[in-house]
Amino acid sequence: MDVLNLFLSLVPVTLAQSLILSFVVLAVMIPFRILSFPDLTSEGSYPLGGCVCAVALLAGVPPLLALALAAAAGFLAGVVTAVIHLRFRIHTLLAGILVTTMLYSVNLRVMGKANLPIFGEAKIYDFFPFDLGSVNYTKIIIAGLFALFVFVLLNLWFRTERGIAMRAVGSNPDMSEAQGISVWKATIGGVGMAGAFAAIGGGLMVQSQGFSDANMGLGILINALAALMIGEALVGKRTITQMLAAPFVGAFAYYQLISLCLAAGLPPSDLKIATGVFVLLMLAGPELRRAKGPRAAQESFRE
Amino acid sequence: MTQQALDVKAARKTFFPGTADEKIALNDLNLSLDAGDFGIIIGSNGAGKSTMLNAISGALPIDSGQVLINGTDVTRTSVDRRAKHVARVFQDPMKGTAASMTIAENMLLAEMRQSPATLRKGLTKARRDKYRDLLAQLRLGLEDRLETQVSLLSGGQRQSLSLVMAVSGEPDLLLLDEHTAALDPRTAAIVLDATMRAVEALKLTTLMVTHNMQHAIDYGTRIIMLDAGQVKSDITGAAKAQCTVQSLVDQFSHKSDHMLLGA
């Protein structure tokens, strides 16, 4: 019973956390699923967004504008990864690792030190006009509105002519080019968009926790990947709506699982192995289920 | 001088230049097509057929020479910017369509060759109706499966879809790269029949690569034989009408191909 009570008491915290994480999951899903461009840049663009946001807030920039600046910085990080791949034919994963590594130095430069408290500054969560008794509820509502807005916007975007053209580049780049679509523009736009979402996640997190830290991205990518795998297992990944819903559902489910582990007494230091096991289970599951049947078709990604 | 639909002037392409594997794929090749011409390209393996189509579509930049489409020099124009003028169907049915997208979405991609993508909604009802009509002409039932993912279609269905996509928007130039070679005989006949009907109805300027000599005789207005990166012979009119499979095969330079092509 204690486990359950503890778990339930954690729900408001984990819900706010998962809404923020869902932006990073989106940043993993869009290049990976829509552009066939597996990308690790979010490990660097998430803290970049946080750092830029914190510095902007300390400079007196309003919270919403600070978040927009963070998004712009994240977009730029994604563009760099995309260009490294397109121009130099470097594998997408390696391009992302390179940018993430370099961003660590950039983030320290931006902040001037490893940790930047912003407790006294105005936050995006202050916009909510009513007192709900707990700051967590305010965070849930503000972050939830952001998530809803982005989800609706992306659903519309990927049904416009340009959005469909962007998806085509991920599905068959050579064919897209032959239909007059610029692979460069679509890839740069898509990976840049993902970078912006990761950075918005970082910005929302910094405003939620009240400080920015150069190491705040550590392991965020594998958390996001775990959430994405869980989300796709729950809602599917066939249609564009399913693809876009998976990050939000997955982020929620993932944090509930983590919180359950904590409530059950798992020490926080063991969470990484728990996350790794989740990812493994989600990836291995379909393979194990069809172990007796014919092998699954290989998925192809850009080299 | 009338304007040519396609004009390839002294196109030259060398693979692996300066190495032991050096291969001159296009050796100052010249070829021009009038509007409405339907050229059938034949030639042995390595004669430069695919390289020539790649040079025309822009997939492969040439070392020297020029490619003009409707009088416009497109030699340095990228594939995506030539797409407005050139449509292509590949041998591999997987290459011409986006597998993870629906039939309707693929049709939309083809339509966007002519009108660049905007921020407007892609699949409107008017467009779906139009695609249904276009696909109905194939008589394969694809018109009832607009929301089906292309990956679920058979090779023949995918190739038929590629064809409809290629001819939609009436491209200035249609390139068919052995587009029925990977299909079973019955499906190949269906796709070929649809090709001929579309080319005829829309009076498309077309280049079709084939290894089937009978097709070269039966279809098209010109037989263009390539050898060693050059046009070896260009047969039209009465001369074309008198061609036989044997007379064509006899012109092939490589003995090893005789067995293959004479069969």
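Mentor: Counted over all chains, there are 14 salt bridges, where a salt bridge is a side-chain nitrogen of Lys or Arg within 4 Å of a carboxyl oxygen of Asp or Glu. Before we go through some of them, note that this is a predicted model, in which local features need pLDDT of at least 70 and side-chain atom pairs count only at pLDDT 80 or more, while totals for chains, interfaces and linings use all residues. Residues are numbered from 1 along each chain as its sequence is written, chains are lettered from A and ligands numbered from 1 in the order in which they are written, and side-chain values use heavy atoms, with hydrogens and water left out.

One of these pairs is Glu147(B) with Arg128(B), whose closest N and O atoms are 2.8 Å apart. Glu147(B) sits in the loop between H4 and helix H5 (155-167) of chain B, and Arg128(B) sits in helix H4 of chain B, so the pair ties together parts that are 19 residues apart in sequence; helices (H or I, at least four residues) and strands (E, at least two) are DSSP runs, numbered from the N terminus. With a relative accessibility of 44%, Glu147(B) counts as partly exposed, and Arg128(B), at 24%, counts as partly exposed too; here buried means under 20% relative accessible area, exposed over 50%, and partly exposed in between, with a 1.4 Å probe and protein chains only.

Helix H4 (residues 125-136) of chain B has twelve residues and reaches 16 Å from its first C-alpha to its last, close to the 16 Å expected at 1.5 Å a residue, the expected span being 1.5 Å times one less than the number of residues. Arg127(B), Tyr131(B) and Leu135(B) are buried in H4(B). Seen down the axis of H4(B), the buried residues fall within an arc of 65 degrees, so they line one face of the helix; the arc is that of the directions from the helix axis to the C-beta atoms. The face of H4(B) turned away from this buried side carries Lys125(B), Ala126(B) and Asp133(B), which are exposed. Arg127(B) also belongs to a network of salt bridges, in which it is linked with Glu161(A), Glu111(B) and Lys130(B).

A further salt bridge joins Asp234(B) to Arg222(B), with the closest N and O atoms 2.5 Å apart. Because Asp234(B) lies in strand S10 (residues 230-236) of chain B and Arg222(B) in strand S9 (residues 222-227) of chain B, this pair ties together parts that are twelve residues apart in sequence. Asp234(B) is partly exposed at 36% relative accessibility, whereas Arg222(B) is buried at 9%.

The pair of Arg197(B) and Asp193(B), in contrast, lies within one element: both residues are in helix H6 of chain B, four residues apart, about one turn of the helix. Their closest N and O atoms are 3.4 Å apart. Arg197(B) is partly exposed, at 34% relative accessibility, and Asp193(B) is likewise partly exposed, with a relative accessible area of 38%.
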